[in-house]
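Open the model in your viewer and keep the selection panel at hand.

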Amino acid sequence: MTYRFHQNVQFDYEIRLALGSAWRQGADVGEVLATAATVADGDGQAWFTAWVELARRVRERADRCASEGRTVSARDGWLRAAEYYGRALAAVDAVADPEQRLGEVFPEHRACFDRFLRVGDPPAEPVSIPYEDTSLPGFLVAPPGARGPLPTLIANNGSDGPITSVWTLLGAPAVARGYRVLLFDGPGQQSMLFERGVPFRPDWEAVITPVVDFLLGRPDVDPRRLALAGVSQAGYWVPRALAFEHRIAAAVADPGVVRVADSWWHNLGPELRGLWESGDREAFDGFLQEGLGQDPALAATWRWRAKPYGIDSPFDLLTEVSRYDVTPVAGRITTPLLITDPDGEHFWPGAARELYDLLPGPKQLVRFTEEEGAHLHCEPMGRALFEQRVFDWLDGRLARAGG
């Protein structure tokens, strides 16, 4: 598994995610590999352009299929187009006038995904979840022939992934197993960030508790079989919420995350961390900004990852990210929690085991190995194996919870 699709580590990973999504019809392998080949040595601008062009071609074909009454072809095409737009956005901060391009492409991405959901069997239900003085947008997706209260999965996205990823990684396999699934954007995520300007918050229980309140007010949700699963940075969101919200019967963190800031310091190194810990804000910002100025690709990645926090100063940003630490509240978690631990975890190496050791309640640590082809962050190319292990565990937990 040493083959590389792109010299840029992030772009290589994005290609793996796209290939893995083919398991749930989120991409076509040939389309992905053909596009990857054209940008194998390209920069962020080339990446963005290639994936947007692919997405638009696929969307146009889907629109034609819809106009001809070919609903299945249209639905499949809209999902693939949404996925490809999502991959393009990973490089939006590397292009000229990134905010303008984001404002153009993100609505196209979401329009395709919304069309995909609205022609499902049954059509997904758009929902608006009361949240403080506003609301969180989402969709409830049910399996075909759904009747009565069903087990329901809250699918929690991570830091910057498109909603298509949380659908193919969590939503689609849950619906296939008879769950209702709630897809939603929380603070700092996708439409809440790009269209409303609402940033992340560390106290994620303030997000999940309103979501639980909303779901438990519905007659089609079984209150005894409510699950929460999260991908990527949601490996922090999920345990943080569980420390305070105890109406959830079982949960999954893919992977386990203890301190979100570890993924930043892993790349910045001990010298910069020491400068930050000294409290010299001016020196830290100057040093880091000088380095980013010499590496446009790194600067683009920094802007993309920093965007959900809404903070410009690198010193202030890392001060804020350091608040995202589950250690002080982990002892309050009593909900059964499955934690994935993939080989080659490059954002939070070792965190899955650390989180597991912190938990006082029922817990399961599940390895995914390179030998199985299911390694790396969120097991991008081991989706069948992930679904089998994780959802079999979740099914068993919810069956016990339902009596």
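**Stop one: helix 8**

Select residues 205-216, helix 8: its twelve residues should span 16 Å at 1.5 Å a residue, and its end C-alpha atoms are 16 Å apart, which agrees. The expected span is 1.5 Å times one less than the number of residues. Helices (H or I, at least four residues) and strands (E, at least two) are DSSP runs, numbered from the N terminus.

This is a predicted model: local features need pLDDT of at least 70, side-chain atom pairs count only at pLDDT 80 or more, and totals for chains, interfaces and linings use all residues. Residues are numbered from 1 along each chain as its sequence is written, and side-chain values use heavy atoms, with hydrogens and water left out.

Now show the side chains of helix 8. Which of its residues are buried? They are Glu 205, Val 207, Ile 208, Pro 210, Val 211, Val 212, Phe 214 and Leu 215. Buried means under 20% relative accessible area, exposed over 50%, partly exposed in between (1.4 Å probe, protein chains only). The cover over these residues includes strands 1, 2, 3, 4 and 5, plus helix 9 (234-242).

Switch to cartoon view. Eight strands form an open sheet with mixed pairing, in the order 1-2-4-3-5-6-7-8. Two strands pair if DSSP finds at least two bridges between them. Find the edges: strand 1 (125-131) and strand 8 (363-368) each pair on one side only. From one strand to the next, the twist averages 25°.

Zoom in on strand 2 (residues 134-141) and strand 4 (residues 180-184). They pair in the antiparallel sense, over four bridges. Leu 140 stands opposite Leu 182 in strand 4.

**Stop three: helices across the sheet**

Select 98-118. This is helix 5, lying across strands 1, 2 and 4 at about 45° to strand 2. Next take 163-176, helix 6, which lies across strand 2, strand 3 (150-156), strand 4 and strand 5 (221-231). Helix 6 runs at about 170° to strand 4. Axes are lines fitted to C-alpha atoms, for helices over the stretch in contact (heavy atoms within 4.5 Å). Angles run from 0 to 180 degrees between N-to-C directions.

**Last stop: the whole chain**

Zoom out. The chain has 16 helices and eight strands. Its C-alpha atoms fill a box of roughly 60 × 55 × 50 Å, taken along the principal axes. Buried residues make up 57% of the 403 residues. Among contacts between residues at least 6 apart in sequence, 73% join residues at least 24 apart.
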